[in-house]
Amino acid sequence: MPEYIAIERQQLIARGTLESIVRQVKSRETPLEPMVFSTDNCQRIEIDWQGDIETVLTKLKPSTTPTSAKRGRPKLGVISKEVTLLPRHWEWLRQQPGGASVTLRKLVEQAQKDISLEERITTSQHQLDRFMLQVVGDAPGFEDASRSLYRNSKVSFEKAIRAWPEEIKHFVLAKFNDIAEIHSGNK
């Protein structure tokens with residue numbers, strides 16, 4: 001089950017599922033609107049904190065209200081995007097079994113499976129750097145921590161984050177160590 005953290009003014013105030021975070025935050029005496037992040041990929045999750053616990057939880061869930069039937073293909077969660085290809089690319093796609101959509105989906109799926117070690121490292125570094133910028137971007141040592149992250153220098157990284165709040169420091173150091181494991185080929 002995915003885990004999340006809620007952060008307010010550089011302090012970790014809740015950890016757990018989205019539902020448990022909403023319940024923890026909304027049960028506080030002081031109203032807060034913390035930033036919420038996935039612990040897996042450091043992605044920020046937008047939450048509308050207006051209302052009571054049940055209202056906020058309801059807004060988290062996708063709408064199950066039936067919509068009136070429309071002409072054309074069913075939605076199925078498909079988001080239309082524009083793809084620009086050269087004529088020779090379109091010709092090749094037309095010749096593939098299943099057509100352009102099926103072939104493009106297969107190509108994307110294969111590319112996601114074939115991600116290189118360097119791409120995994122770079123993606124993880126960007127995710128952690130973006131998290132640090134949003135949470136402690138104005139804290140002393142942020143710029144040094146960011147540089148150390150991309151250099152994979154644990155000693156410099158630990159030195160740069162020394163003055164950060166304990167829970168934030170532990171979280172970013174654990175993420176740094178995960179990236180170091182990828183560097184070493186152990187993950």
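**Reading an aromatic cluster**

Biologist: Phe131 is buried, with a relative accessible area of 1%. What does buried mean here?

Modeller: Buried is under 20% relative accessible area, exposed is over 50%, and partly exposed lies in between (1.4 Å probe, protein chains only). This is a predicted model, where local features need pLDDT of at least 70, side-chain atom pairs need 80 or more, and totals for chains, interfaces and linings use all residues. Residues are numbered from 1 along each chain as its sequence is written, and side-chain values use heavy atoms, without hydrogens and water.

Biologist: How many aromatic pairs are there?

Modeller: Rings of Phe, Tyr and Trp (its six-membered ring) pair if their centres lie within 6.5 Å; planes under 30 degrees apart are stacked, over 60 edge-to-face, the rest tilted. The count here is 3 aromatic pairs. Among them, Phe37 and Phe131 are edge-to-face, with 4.8 Å between centres and 80° between planes.

Biologist: Which parts does that pair tie together?

Modeller: Helices (H or I, at least four residues) and strands (E, at least two) are DSSP runs, numbered from the N terminus. Phe37 is in strand S3 (residues 35-38) and Phe131 in helix H5 (residues 117-136), so the pair joins parts 94 residues apart in sequence. Phe37 is buried too, at 0% relative accessibility.

Biologist: How is Phe131 placed against Phe171?

Modeller: Their pair is tilted, at 5.0 Å centre to centre and 55° between the planes. Phe171 belongs to helix H8 (residues 166-184), 40 residues from Phe131. Phe171 is buried at 7%. Phe37, Phe131 and Phe171 make up one aromatic cluster.
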